Amino acid sequence: MRKFSVKIRITVWLTALTALLSVLLLSFLLSISNAVIYQSAASQLSYVLRQNLTHVNFEKGKLELEEAFRFYQNGVSTLVYNDSKALLAGQIPVSYNIEEAFENGRIRTVSSGDDTYLILDFRLPSGWEDGIWLRGLMEFSGSKSTAQNLLYSAMIALPAFVILAAAGGYRILQTAFSPLEQITKTAESINEAKDLSRRIALTPGGDEFSRLAAVFDALLERLERSFEAEKQFTSDASHELRTPVSIIKSACEYSLKYDETRKEQEETIHMISRQAEKMSEIISQLLNITRLEQETEHLLLEPVDMGELLKSLCEEQPYDPSRLTLNIKDSVTAPANPLLLSRLVQNLIDNAFKYGRPDGHVQISLIRSGNETIIAVQDDGPGIPPEEQEKIWQRFYQSDSSRSGQNGAGLGLPMVKQIARLHGGYMTLESTAESGSIFAFHLPKKN
Ligand code: ADP
């Protein structure tokens, strides 16, 4: 069975409730108004009849009505009967044509044709056996016509009211639900176009939908980053692994065909092993970068004593300690991820030794400048030509000299840059042929 939308279901429910409430309210009003009208008519009848009673004299079979006696007053007709129920004075209303037994002092309602009457009788005794009856009659169409009027107005007003409630309710729900439709449309368009760069981008507001949209956008952002990183990994890996794989393949074919001595075979195996090592290095570095790229904006940071971190890092270095100096100008504790920060500095130290002079010197400095913490790694090597200083931050970029001389994949500095970004910092490079290179990580203080 096809399900109706939430909007329609809520509207129908609220409209039905409104209609039911209106009907209940109407019947309550009707019964109240009936009671009130009856009460006021009954007291009017009683009042007029009692008044007339004081203006009647009946003694020794002689009836005397004073001047103040009113046969008709405020809708009440007063009739005077003797004990044999014969009318002595007064005029029966034309529409009243029923025989109603006399009953002293009790108000009754009687129907005569289409009309309803209130009746009240009082007996005025004279002597032991004789007496007269005063009968008050009051047409009681008031309540009926009020009820009818109410009913007619309700029959017109109620459907109009219900339609208004339904239309208004639906409109409000439609406006309230429109962000949900936007979310659905965006999700559909992402699904159809396979385009993860789309966002819902609702105007930020405090309601549930805006928060849902913001969470959804953040989720998309993460998904997109993840997808991009994965795509990049696949294409980089297949591109970069092609060369060592083809070297290994042709080395194997060559060895099978031409290597005759054990020495020749060993040489080939060494070459294959070097290429396999390179491949494994490329894969692990690529994986590191991919993981960093998939990292959320909010990396887990903790207060790190930078001086201590650099000291222990220097102690672990495999290089000649006389070629490495640590210069801590200020003691600084800043929010960082110690593992990633160590990886950043280690990469810079490795490069400084790899690309510096063979017997050169490397200096690591910790400085506080303005609101920044700076970790700088300086070498006294040949420097990097100005035209390459931008390029070295790109993936797989290696200068021609290093490509031939050093083993590496051109992935170290992109990873360094990525770690700096994840910390909310950035990298700078100063390099000249005369004084060597200074790679510096700048970490601004967060407010
Ligand atoms: P890899 O070291 O694997 O080649 P990197 O991304 O770490 O990759 O470095 C990219 C290139 O930047 C290197 O090939 C090298 O040419 C240059 N480079 C990096 N550090 C230095 C340095 N301290 N001095 C001179 N050149 C450097």
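Where is Lys85 found? Lys85 sits in the loop between β4 (76-82) and β5 (87-89). Helices (H or I, at least four residues) and strands (E, at least two) are DSSP runs, numbered from the N terminus. This is a predicted model, in which local features need pLDDT of at least 70, side-chain atom pairs count only at pLDDT 80 or more, and totals for chains, interfaces and linings use all residues. Residues are numbered from 1 along each chain as its sequence is written, and side-chain values use heavy atoms, with hydrogens and water left out.

**Positive phi**

- Most residues other than glycine have a negative phi.
- Lys85 has a positive phi, near 65 degrees.
- Lys85 is partly exposed, because its relative accessibility is 42%; buried means under 20% relative accessible area, exposed over 50%, and partly exposed in between (1.4 Å probe, protein chains only).
- Phe396 is not a glycine, yet its phi is positive at about 70 degrees.
- Phe396 lies in the loop between β13 (372-379) and α7 (400-405).
- With a relative accessible area of 14%, Phe396 is buried.

**Arg323**

- Arg323 belongs to the loop between α5 (306-315) and β10 (324-328).
- Arg323 is buried yet has no salt bridge, meaning a side-chain nitrogen of Lys or Arg within 4 Å of a carboxyl oxygen of Asp or Glu.
- Asp320 is the nearest side chain of opposite charge, 5.6 Å away; Lys and Arg count as positive and Asp and Glu as negative, while His and the chain ends are not counted.
- The side chain of Arg323 reaches the backbone oxygen of Pro358 at 3.1 Å.
- A polar atom of that side chain also lies 3.4 Å from the backbone oxygen of Arg357.
- Leaving out residues up to four places away in sequence, Arg323 touches (heavy atoms within 4.5 Å) several residues, including Phe353, Gly360 and His361.

**Nonpolar cores**

- A nonpolar core is a set of buried Ala, Val, Leu, Ile, Met, Phe, Trp, Tyr and Cys residues joined through side-chain atoms within 4.5 Å.
- The largest core has 49 residues, of which Met306, Leu344 and Ile375 touch the most other members.
- Helix α6 (residues 338-355) gives this core its largest share, eight residues.
- A second, separate core of 11 residues includes Ala41, Leu49, Phe122 and Met138.

**Cysteines**

- The structure holds zero disulfides, counted as pairs of cysteine sulfur atoms within 2.5 Å.
- Cys252 is partly exposed at 34% relative accessibility.
- Cys314 is buried, at 17% relative accessible area.

Terms used:
A polar contact is a pair of N or O atoms within 3.5 Å; within protein, one must be able to donate a hydrogen and the other to accept it, and residues adjacent in sequence count only if both atoms are side-chain atoms.
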